[in-house]
Amino acid sequence: MSAPSTPAPSSEGATKLTRISEAVIRIAGNSQDGIQAIGGFLARLAGRSEQEVMTFMTIPSTISGGPSIFQVRIGSGEVLSAGDEADVLLAFYQHSYEGHIGSLRKGGIVLFDADHVTPNPEWEKTYRHVGIKISSLTVEAIGGTAKDKGKNIFALGLVARMFDLNTGKLEKLIAERFGGKDESVLRNALAAFHAGYGHAFGSAAELFQFTESRKLDRHQVVMNGNEALAYGLIAAGVRFGAGYPITPWSDIMELLRRELPKYGGMFIQCEDEIASAAMALGASYAGRVAVTGSSGPGIALKMECLGWGVMSETPLIVVDIQRGGPSTGMPTNVEQSDLNIACFGSHGDAPRVVLAPANVEDCFYTAIEAVKIANEYNTPVFILSDQAIATRIEAFPEPDLEKVCQDITPDCSPVAEYKPYDLSAPNGVVRRVVPGTKILNGKYPVATGLEHDEMGHPTGSPKLHQQMTAKRRKKLQALAATLPKPKIYGPPEGNILLVGWGSTEGPIREAVDRARAAGDSVSSLNLRHISPLPNGLEDIFSGFNHVIVVELNDEGLYGYGQLAAVLRARYCDPKIGALNKTDGLTFKVKEILERTRAVLAATRKN
């Protein structure tokens, strides 16, 4: 917790009021207790208060629920990660207290439900303890068995009081959340919130007040990565999707099923993953880019259809929200281990585009970019997100929808002639003419999964197969030439360059800030375009002594992860190393720093 100013006078007697620039709050309990609801309220309040916010959550993979956490980092300045250590731990049960007390910084506050938690006397020497009978007081406030339904909102009131949060905005958020239910539900929720907010902490706790946040040019929107991706697809012009439920993709599917009809579209839940991929391909072939999606196990099932999309040069968006694997693995934990299947899955030489959004805001704009690329290059495009971004809540400037929304309605104006696989086309890219368009010479093409000639008719010609394979490859090479060179975070030359992709961007950047503040020569680079890679990376790498690829997957048989393997194969550069882990959790800044310092120490020794 950053406290840039001296404690301010308190209106509560002995209770100290401290102004702070940021705070990390970890809420620990059971998933059925509404842990995520508390965190969501705090995150959305921050976004509506022009503050930076980033969250992290874990939920059990069992239907019956179980231990869960939600961590939220709120700041008046830039927030790049969810925080390594918590300033405040809100613990509902003994297992929450014992399992997460270690996440607190020394001197941090543990706010616990005294009805269910017995503090450890030894830990009381290291952390400040504040015990409040949350369950009992919730029952007093709203009666009955409400302790199972309202204690999370009571606890939200406690946190709001501790950090002097805007109660009016929180009341509005609560009303939005429960407004569609019976009137008594909203009434009880507000009663619980006011009871928690009005509870006297006394001199045992410290109260806090955030410093004024920076003023923004535009309003902020607050959402998680899956929501941003779904709305980005709608803004991009997608009006049809097909899928099958799987964690953590299902949120996108449900949002599209609810929202697409408002724009004249639809989303179909199919009987399985294969059917959903085939249906989306059919819709795309009919004229307008469609979407399907899943997580690792479902992506594997879609691969035969993906090969058809590559062969027929049909645009398609495939969303992969990665989770721990293989098989059903860890459905509610993060991993970045689907890069290989996204880039190289399917049979034969089946090149496709792979994009990886770096944060929640980037999910929105990556979806738009993916649709543009699919439409222009007539190719399947993967959006490779992960569970951390999918469930993470962030605030970002409201998009200028008039500028970013696009109409991809196909042009059905008659054409003189059309060869969908014209080998003379520059860079292998042919403007797509959709079914139903009148072709004046009367020669209409066909589509097939077989190798074909320029009109789509099946062929076994060795020469044509070689030419068509090269045509499909050249399209992506042409795309690579148009991609912008990634921006380096920090100086363009130095000792260590940390390379990341996806959800690792924020922790890596914070690690760079800390390392440089300590006098170390460290910069970073985030790759959004995974396949094809942008041109010019070798020039960037040449400016550093070490290139360390930070990614959430296994180091493999040869000591480096999946993106590192792609980069080593592409550039044949032995200085490209790796930092990997597979514990199902996002990188902590200190984990990245420890490895960076080890490399620096070895450099100095040598």
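E122 and K125 form a salt bridge, with their closest N and O atoms 3.4 Å apart; a salt bridge here is a side-chain nitrogen of Lys or Arg within 4 Å of a carboxyl oxygen of Asp or Glu. This is a predicted model, in which local features need pLDDT of at least 70, side-chain atom pairs count only at pLDDT 80 or more, and totals for chains, interfaces and linings use all residues. Residues are numbered from 1 along each chain as its sequence is written, and side-chain values use heavy atoms, with hydrogens and water left out.

**Salt bridges**

- K125 counts as exposed, at 66% relative accessibility (buried means under 20% relative accessible area, exposed over 50%, and partly exposed in between, with a 1.4 Å probe and protein chains only).
- E206 also forms a salt bridge, with R128, and here the closest N and O atoms are 2.6 Å apart.
- Because E206 lies in the loop between helix 6 (183-198) and strand 8 while R128 lies in strand 7 (residues 128-132), this pair ties together parts that are 78 residues apart in sequence. Helices (H or I, at least four residues) and strands (E, at least two) are DSSP runs, numbered from the N terminus.
- E206 is buried at 8% relative accessibility, whereas R128 is partly exposed at 31%.
- R258 and E259 bring their side chains together in a salt bridge of 3.2 Å, N to O.
- In that pair, R258 is partly exposed at 48% relative accessibility and E259 is buried at 7%.
- E22, R73, E510 and R514 belong to one network, joined by salt bridges that share partners.

**F163 and its aromatic partners**

- There are 8 aromatic pairs in the model. Rings of Phe, Tyr and Trp (its six-membered ring) pair if their centres lie within 6.5 Å; planes under 30 degrees apart count as stacked, over 60 as edge-to-face and the rest as tilted.
- F163 and F208 are stacked, because their ring centres are 5.4 Å apart and their planes are at 25°.
- F163 sits in the loop between helix 4 (147-162) and helix 5 (167-178), and F208 in strand 8 (residues 207-210), so their pairing ties together parts that are 45 residues apart in sequence.
- Both partners are out of the way of solvent by the cut-off used here: F163 is buried at 1% relative accessibility, and F208 is buried at 2%.
- F163 stacks with F210 as well, since the ring centres are 6.0 Å apart and the planes are at 20°.
- F210 is in strand 8, so its pairing with F163 ties together parts that are 47 residues apart in sequence.
- F210 is buried, as is F163.
- Elsewhere, one aromatic cluster is made up of Y97, F112 and W123.

**Nonpolar cores**

- Which residues touch the most other members of the largest nonpolar core? Of its 52 residues, they are F41, L42, L90, F92, F163 and L170. A nonpolar core is a set of buried Ala, Val, Leu, Ile, Met, Phe, Trp, Tyr and Cys residues joined through side-chain atoms within 4.5 Å.
- Another core, of 46 residues, lies apart from that one, and A235, A236, I321 and I408 are among its members.
- Leaving out residues up to four places away in sequence, F163 touches M1, I20, A23, I25, V88, F208, Q209 and F210 (contact means heavy atoms within 4.5 Å).

**Strand 4 and its neighbours**

- Strand 4 (residues 67-75) is largely enclosed by the rest of the structure, because 8 of its 9 residues are buried.
- Strand 2 (residues 22-30) runs antiparallel to strand 4, joined by 9 bridges; two strands pair if DSSP finds at least two bridges between them.
- I25 has V72 of strand 4 as its bridge partner.
- Strand 3 (residues 52-58) also pairs with strand 4 in the antiparallel sense, over 7 bridges, and F56 stands opposite Q71 of strand 4.

**Arginines to look at**

- R161 lies over the face of Y197, at 5.8 Å from the ring centre. A charge sits over a ring if NZ of Lys or CZ of Arg is within 6 Å of the ring centre and within 35 degrees of the ring normal.
- The charged end of R177 sits over the ring of F178, 5.8 Å from its centre.
- R392, in the loop between helix 13 (387-391) and strand 16 (393-397), is buried, with a relative accessible area of 7%.
- Beyond its neighbours within four places in sequence, R392 is in contact with residues including M54, T55, M223, N224 and S503.
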